[in-house]
Amino acid sequence: MNTQVPFYDAAEAQKYSQNSRMIEIQTQMSERAVELLGLPDDWPCFLLDVGCGSGLSGDYISEEGHHWVGMDISSAMLDVAVEREVEGDLLLADVGQGIPFRPGMFDGCVSISAVQWLCNADKKTHSPPKRLYRFFSTLYSALARGSRAVLQLYPENSDQLELITAQAMKAGFTGGVVVDYPNSAKAKKFFLCLFVGTAGALPKALGAAGTAAEESQQAKFTNERTRFRNAKGKSVKKSRDWVLEKKERRRRQGKDVRADTRYTGRRRRPRF
């Protein structure tokens with residue numbers, strides 16, 4: 001595994017873990033993520049913390065009586081976690097290369113401010129869509145059926161959020177995005193809530209101004225596809241859906257593509 005990318009050096013790791021404001025924010029988001037997991041109250045669970053850093057999220061998980069394993073690409077952050085004597089087990093790993101655990105091992109997964117980094121190409125060989133799919137497909141396998149993954153993230157824009165959710169759906173997850181305090185510039189938080197094997201109802205967002213606002217901020221996505229599909233589940237070739245999907249793939253590849261119009265995919269009359 002590639003573990004040489006210096007996301008945090010030793011000094012930055014110590015500074016991050018000793019900043020009282022950062023600790024407060026991390027704890028609040030961890031509390032919310034664990035709440036969204038919907039874990040049973042009467043027995044301890046075994047959780048995966050993706051991008052665990054210095055173990056701040058793990059501290060809250062331990063306080064709630066659960067056990068956990070943390071993964072992070074920064075050796076400096078994990079060194080701080082060891083110094084802090086966190087209760088969870090730690091693994092130095094690049095999650096873009098996959099989750100290296102046996103199938104059905106975890107009762108749930110949390111991640112705080114980490115998944116959006118998979119959208120970056122830190123090396124020429126890095127393909128964000130492929131790394132995201134590798135992460136989500138192996139995470140899906142490592143989670144027990146009926147469990148959830150709650151990933152708090154900071155997407156740069158709607159396109160990045162769409163890329164992340166599309167790869168999660170492709171890997172087999174169902175679920176959607178819960179946006180807490182959608183009308184607040186500072187308190188607004190995105191949580192990608194994913195279900196394994198079952199399509200549950202999305203939790204309600206905090207701070208939404210009524211049911212209509214909640215529905216608009218909690219856009220659900222499932223494994224259902226659009227109407228023009230063949231027996232193998234693919235869009236019929238040359239159909240409007242097929243054309244739109246092809247154009248979207250080219251946009252994600254950075255190619256210049258004409259804007260969609262009502263004429264996109266429409267068959268032209270033969271010329272005489």
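These legends accompany several close-up views of a predicted protein model.

**Conventions.** The model is predicted, and local features require a pLDDT of at least 70, side-chain atom pairs count only at pLDDT 80 or more, and totals for chains, interfaces and linings use all residues. Residues are numbered from 1 along each chain as its sequence is written, and side-chain values use heavy atoms, with hydrogens and water left out.

**View 1. Overall fold of the protein.** The secondary structure consists of eight helices and eight strands; helices (H or I, at least four residues) and strands (E, at least two) are DSSP runs numbered from the N terminus. Of the 272 residues, 44% count as buried, where buried means under 20% relative accessible area, exposed over 50% and partly exposed in between (1.4 Å probe, protein chains only). Among contacts with a separation of 6 or more, 63% join residues 24 or more positions apart; a contact means heavy atoms within 4.5 Å. The protein exposes about 15800 Å², of which carbon and sulfur atoms supply 49%, by the Shrake-Rupley method with a 1.4 Å probe, where for residues only the protein chains shown count as cover.

**View 2. The largest nonpolar core.** A nonpolar core is a set of buried Ala, Val, Leu, Ile, Met, Phe, Trp, Tyr and Cys residues joined through side-chain atoms within 4.5 Å. The largest one has 33 residues, of which L48, F135, F136, L139 and L151 touch the most other members. Elements that each supply at least two residues of this core include β1 (46-50), β4 (106-112), α5 (128-142) and β5 (143-153). Helix α5 gives the largest share, five residues.

**View 3. Surroundings of L139.** Not counting residues up to four places away in sequence, L139 touches L48, I99, C109, A149 and F173. A second, separate core has 22 residues, among them L36, A81, V86 and A205.

**View 4. S62 in helix α3.** Helix α3 spans residues 56-63 and contains S62. Is S62 buried or exposed? S62 is buried, because its relative accessible area is 18%. Leaving aside neighbours within four places in sequence, S62 is in contact with W68 and E87.

**View 5. Confidence along the chain.** The mean pLDDT (the predictor's confidence in each residue, from 0 to 100) is 82, and 79% of residues reach 70 or more. Confidence is highest in β1, at 98, and lowest in strand β8 (residues 220-221), at a mean of 40. Over residues 1-6 the pLDDT is below 50, and this stretch has 13 contacts in the model beyond near neighbours in sequence. Residues 211-234 also stay under 50, with 49 contacts beyond four places in sequence.
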